Amino acid sequence: MRVSVIIPVYNVAAYLPTCIDSVLSQDYSDLQVILVDDGATDASGALCDQAAMRDARVTVLHQPNGGLSAARNAGLLAADGEAVLFVDADDLLLPGGVSALAAAFGEDADLVVGRAVHLYPTGPVEETWRMDSAGLLGLAAPEQYGALMCESGVCLWNAWRALVRRSFLLDHGLLFNPLLRAAEDLEWFVRMAPCARRVSVCDSIPFYAYRHEREGSIMTSSSADTLQTTIQVILSSAGTLSPYAGGSFHACLHDQMITSLCMALVAAQRLPARERRAVLGAVNAESLSRLSATGTKQRLALRLLRHLGAPAAARIIDCSRSARGK
């Protein structure tokens, strides 16, 4: 089975060589690597071209800056592998990762979900969850994902989290929304997961190393536009999940979205007053009515938001996090 690894690239010259090396050093034989230079203004574009000159498996696409979603879409449409794997250019594939995912893929799986190592400034932390793919048999989509989210206890909506059958994405029109510049993965996941007929699991080894808190990354950006878009995607996505109410997919995903909403509200506390009011103004009684909580912390957070309003609740959550040193 041919695997296409798609790496969107934008101003990551300091991290890109290590990322590319981690992909090209995989022991999997049938590999295509697509580097999508999304209008980078640093040396990233040149590094992509150098990689292509060194290794025939590398294809480079240069395009004007269109954002992460546009870069992923360009790579997906250029790919010729039976399966695709999205990799962020500041992250790494771990040794043997692609082989492990491919071995777990099977003939009828739409995607294979795997474990990760999280690279924090204080050191790496490996996910330790385990789940046999057989435990998902007999569950309808998206409850396979629900069972996996409940068992693993980790967020699974990241696009890098799974090796995905390319025809599955194309047949269901599961491209990324190019209009979004934040929370792209969540919006895509909410559309993708209910379409997946068969989800497999690769828990033998972690396959991916995810870098946290890189300066300048999308995830650590706290601009008003980024936070506002993140909150809007969370609240609108919650509304689209109502057909799955009562199941584990709905319950686990809502809890994870409430946690992400709280993180965005805390980040908004660092904005100038006018921008902060604009961001928090998107969180009102009507939008909060779309959310439901199962976990203890999420129920408390949702209760605070509904009874005190977003500004007061955000201050309390921020103080609580600070007191715990988080």
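Modeller: Here it is, and please note that this is a predicted model.

Biologist: What makes Arg299 partly exposed?

Modeller: Its relative accessible area is 37%. Buried means under 20% and exposed means over 50%. Arg299 has 37%, which lies in between, so partly exposed is the term.

Biologist: Where is Arg299 found, and what does Arg299 touch?

Modeller: Arg299 is in helix α12, residues 296-308. Leaving out residues up to four places away in sequence, Arg299 touches Ala293 and Thr294. Contact here means heavy atoms within 4.5 Å. The C-alpha atoms of Arg299 and Leu156 are separated by 21 Å, and these two residues are 143 apart along the chain.

Biologist: Why is Asn11 called partly exposed?

Modeller: Asn11 has a relative accessible area of 27%. Buried would need under 20%, and exposed would need over 50%. Asn11, at 27%, is therefore partly exposed. Asn11 is found in the loop between β1 and α1 (16-24).

Biologist: What is the phi of Asn11?

Modeller: Phi of Asn11 is positive, about 50°, although Asn11 is not a glycine. Ala183, also not a glycine, has a positive phi near 55°. Ala183 lies in the loop between α6 (166-171) and α7.

Biologist: How do you know how α7 and α8 are oriented?

Modeller: Helix α7 covers residues 184-192 and helix α8 covers residues 224-240. Their axes come within 10 Å and cross at roughly 5°. Angles under 35 degrees count as roughly parallel, so α7 is roughly parallel to α8.

Biologist: Which residues meet where α7 contacts α8?

Modeller: From α7 there are Leu186, Glu187 and Val190. From α8 there are Val233, Ile234, Ser237 and Thr240. By class, this contact has four nonpolar, two polar and one charged residues.

Biologist: How do you know that the span of α8 agrees with its number of residues?

Modeller: Helix α8 has 17 residues. At 1.5 Å a residue, α8 should span 24 Å. The end C-alpha atoms of α8 are 25 Å apart, which agrees.

Biologist: Which residues of α8 are buried, and what do they pack against?

Modeller: The buried residues of α8 include Ala224, Leu227, Ile231, Leu235 and Ala238. Val233, Ile234 and Ser237 are also among the buried residues of α8. The buried residues of α8 pack against α7, α9 (248-268), α10 (273-280) and α11 (285-288).

Biologist: What makes strand β2 mostly covered?

Modeller: Strand β2 covers residues 31-38, and eight of its eight residues are buried. Leu31, Val33, Leu35 and Asp37 point one way. Gln32, Ile34, Val36 and Asp38 point the other way.

Biologist: How many bridges join β1 to β2?

Modeller: Seven bridges join strand β1 (residues 3-9) to β2, and the two run parallel. Two strands pair if there are at least two bridges between them, so seven qualifies β1 and β2 as a pair. Val36 in β2 is the bridge partner of Pro8.

Biologist: What makes β9 mostly covered, and which strands pair with β9?

Modeller: Strand β9 spans residues 199-211, and ten of its 13 residues are buried. Strand β5 (residues 92-93) pairs with β9 in the antiparallel sense over two bridges. At least two bridges are needed, so β5 and β9 count as paired. Tyr208 in β9 is the bridge partner of Leu93. Strand β6 (residues 111-120) pairs with β9 in the parallel sense over nine bridges. Here Ala209 in β9 is the bridge partner of Val117.

Technical notes:
Residues are numbered from 1 along each chain as its sequence is written. This is a predicted model: local features need pLDDT of at least 70, side-chain atom pairs count only at pLDDT 80 or more; totals for chains, interfaces and linings use all residues. Side-chain values use heavy atoms; hydrogens and water are left out. Buried means under 20% relative accessible area, exposed over 50%, partly exposed in between (1.4 Å probe, protein chains only). Helices (H or I, at least four residues) and strands (E, at least two) are DSSP runs, numbered from the N terminus. Axes are lines fitted to C-alpha atoms, for helices over the stretch in contact, and angles run from 0 to 180 degrees between N-to-C directions. Angles under 35 degrees count as roughly parallel, over 145 as roughly antiparallel, 65 to 115 as roughly perpendicular and the rest as oblique. Ala, Val, Leu, Ile, Met, Phe, Trp, Tyr, Cys and Pro count as nonpolar, Asp, Glu, Lys and Arg as charged, and the others, Gly among them, as polar. The expected span of a helix is 1.5 Å times one less than its number of residues.
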